[in-house]
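Work through the exercises below with the sequence and the model in view. Each task is followed by a solution in steps.

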Amino acid sequence: MRSILEDFYYGKVQPDESTNPNDPKARQMNREVSDLMLKYQKNLPQAEFEQLEKLLDLVGELNSMHAAAAFINGYRTGALMMIEVFSEEKETGPK
């Protein structure tokens with residue numbers, strides 16, 4: 001049986017790389033982005049297209065930072081909830 005703790009220790013747990021939205025709208029949006037990028041690549045001078053790519057890379061990095069912060073915050077919130085659940089049980093006993 002796989003151990004999540006062992007996978008975490010060895011760096012095998014990487015939610016940002018294994019998370020893909022199942023929403024068909026996300027796939028459609030991804031296709032639209034790709035189509036627009038091809039259009040911009042054909043219509044913009046190379047220097048301007050490279051600036052656009054750099055901008056999108058920066059936006060991607062920023063989104064990744066926000067996703068990481070949200071993940072950490074959600075994990076902490078969940079852990080705090082578990083602490084409260086188990087602390088409450090000790091104070092009042094099982095119901």
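Helices (H or I, at least four residues) and strands (E, at least two) are DSSP runs, numbered from the N terminus. The model is predicted, so local features need pLDDT of at least 70 and side-chain atom pairs count only at pLDDT 80 or more, while totals for chains, interfaces and linings use all residues. Residues are numbered from 1 along each chain as its sequence is written, and side-chain values use heavy atoms, with hydrogens and water left out.

**Exercise 1.** State how many helices and strands the chain has, and in which pattern.

Step 1. The count gives 4 helices and 0 strands.
Step 2. In sequence order the pattern reads α-α-α-α.

**Exercise 2.** Compare the radius of gyration of the chain with that of a compact globule of 95 residues.

Step 1. The radius is taken over C-alpha atoms, and the globule rule is 2.2 Å times the number of residues to the power 0.38.
Step 2. For 95 residues a compact globule would come out near 12 Å, but the chain has 21 Å.
Step 3. Along the principal axes, the C-alpha atoms fill a box of roughly 70 × 30 × 25 Å.
Step 4. Buried means under 20% relative accessible area, exposed over 50%, and partly exposed in between (1.4 Å probe, protein chains only). Of the 95 residues, 5% are buried.

**Exercise 3.** Check the span of helix 3 against its expected value, then describe its N-terminal end.

Step 1. The expected span is 1.5 Å times one less than the number of residues.
Step 2. Helix 3 covers residues 24-43, which is 20 residues. From first to last C-alpha it reaches 29 Å, close to the expected 28 Å.
Step 3. A polar contact is a pair of N or O atoms within 3.5 Å; within protein, one must be able to donate a hydrogen and the other to accept it, and residues adjacent in sequence count only if both atoms are side-chain atoms.
Step 4. D23 caps the N-terminal end of helix 3, with a side-chain oxygen 2.8 Å from the backbone nitrogen of K25.
Step 5. D23 itself sits in the loop between helix 2 and helix 3 and is partly exposed, at 42% relative accessible area.

**Exercise 4.** Is N22 buried or exposed, and where does N22 lie?

Step 1. N22 belongs to the loop between helix 2 (15-18) and helix 3.
Step 2. N22 is exposed because its relative accessibility is 66%.
Step 3. N22 and A67 are 45 residues apart in sequence, and their C-alpha atoms are 17 Å apart in space.
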